[in-house]
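Dear colleague,

I am handing this structure over to you, and my notes on what was found in it follow just below. Please keep the structure open beside them as you read.

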Amino acid sequence: MNIIRRRGWEIPEAQATPENLFLDRRALLGGGLGIAAAMAIPTRARAQRAADAADPSASLYPFKRNEKYQLGAGYDLTDEKLNANYNNFYEFGTSKTIAAPAQALKLRPWTVKIDGMVEKPMEIGFDDLLAKMPHEERLYRFRCVEAWSMTIPWSGFPLAELVKFAKPLGSATYLQMETFLDKAVAPGQRQSWYPWPYTEGLTMVEATNELAFIATGCYGHPLPKQHGAPLRLAVPWKYGFKSVKSITRLTFTDKRPKTYWEGLQASEYGFWANVNPEVSHPRWSQATEQVLGKSERIPTKLFNGYGEYVADLYKGLEKERLWA
Ligand SMILES: Nc1nc2c(c(=O)[nH]1)N[C@H]1C(S)=C(S)[C@@H](COP(=O)(O)O)O[C@H]1N2
Ligand SMILES: [Mo]
């Protein structure tokens, strides 16, 4: 997604330094070698336990898996540590190793604002919202527009349930979603030429499709900050940039939202962004994808393999730019 700098997907997997290794190496350099080496793994486990203890929703997890959503033959779950150390979250930098800076994000209190074309605008605390929603785990595939992919066990609830709770007016045709805006915690947001806050949108028909999911956790515990805690979107038939992280606002509207990536580079990133291996990005092919942690590339599937759920949504829209 880098426009000027080198693109993330061009960097061979082996050259990217996962943040956990980086931190361990620092510990090795800084402290007594033997002690630091012996402590490296327990430290990480302790850090996860401490993060869970500080999170009032931690005891709700794991959520019961909904077996309807399977990865399909030939797909394995991506290793959790790999996934947690290869992220796109431009608020914290343009590289894939933003896990450490993302820890500056403060998750409580976290308020979600619901406004626009609704019966009654409101603000609700994240934990209150989570208590009102049904809980489930789903295994989803995920395809970034940069031609890398992963699979992940998300925990959360269907976006349709949140829409029902928000009580939009019948005249609303789009749902716009926004990330937090706080220059003090997100150094990327100090770069004023980017159109912050990160904004995404779906049509109401897409937002209420059964696949559209709000993830609040993954791998059986609350979301790590770098994955977009405390709540982020997961729309697996679309390129990854649609899946907006760390949501603070949902606005129902009858105007198509102008999204972050459209604001940056409309010629390359549009509103629909459905996965299609036959439509190349202006600068690279979308025919295959690099699965995180695998050595072979695999073919990309139309709608990322989710056509049975969503292909019908786009009948009659063939003139639209559905694939970028
Ligand atoms: N707020 C925000 N949301 C975001 C992004 C971002 O930079 N900021 N990057 C998007 C892109 S390009 C991708 S591929 C996914 C990455 O999700 P992951 O880091 O959990 O794998 O988040 C998406 N959501
Ligand atoms: Mo992406």
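A polar side-chain atom of Asn87 is placed 2.9 Å from an oxygen atom of ligand 1, in what is, please bear in mind, a predicted model. His227 also brings a polar side-chain atom to an oxygen atom of ligand 1, in this case at 2.7 Å, while Asn88 takes part through its backbone, with an N or O atom that lies 3.3 Å from a nitrogen atom of the ligand. The protein covers 100% of the 530 Å² of accessible area that ligand 1 has on its own.

Around ligand 1 there are 18 residues, of which Tyr90, Glu91, Thr179, His227 and Lys245 come nearest. Sorted by class, this shell is made up of nine nonpolar, six polar and three charged residues.

Where in the protein does ligand 1 sit? The space that ligand 1 takes is the largest cavity, and about 310 Å³ of space lies in that cavity. Its lining consists of 22 residues, with Asn88, Phe89, Arg232, Gly240 and Lys245 lying nearest the centre, and the classes in this lining are twelve nonpolar, seven polar and three charged.

Pro230 is found in the loop between strand E8 (221–222) and strand E9 (232–234). Another cis peptide bond joins Trp196 and Pro197, where omega is about 0°, and Pro197 has its place in the loop between strand E5 (174–179) and strand E6 (199–203).

One further backbone feature is at Tyr219, a residue other than glycine whose phi is positive, near 50°; Tyr219 lies in the loop between strand E7 (213–218) and E8. These places are picked out because most residues other than glycine have a negative phi, and most peptide bonds are trans.

With best wishes

Methods: Residues numbered from 1 in each chain as written. Chains lettered and ligands numbered in written order. Predicted model: local features only at pLDDT ≥ 70, side-chain atom pairs only at ≥ 80, totals over all residues. Heavy atoms only, no water. Near = heavy atom within 4 Å. Polar contact = N/O pair within 3.5 Å; in protein donor to acceptor, adjacent residues only side chain to side chain. Areas by Shrake-Rupley, 256 points an atom, 1.4 Å probe, with all protein chains shown as cover. 1 Å grid on protein atoms, 1.4 Å probe; cavity = no way out; pocket = protein on both sides within 12 Å on 5 of 7 lines; lining within 4 Å. Sits in = over half its atoms within 2 Å of the grid points. Nonpolar A, V, L, I, M, F, W, Y, C, P; charged D, E, K, R; others polar. Points joined across faces, edges and corners; volume = space filled by probe spheres on them. Helix = DSSP H or I, 4+ residues; strand = E, 2+ residues; numbered from the N terminus.
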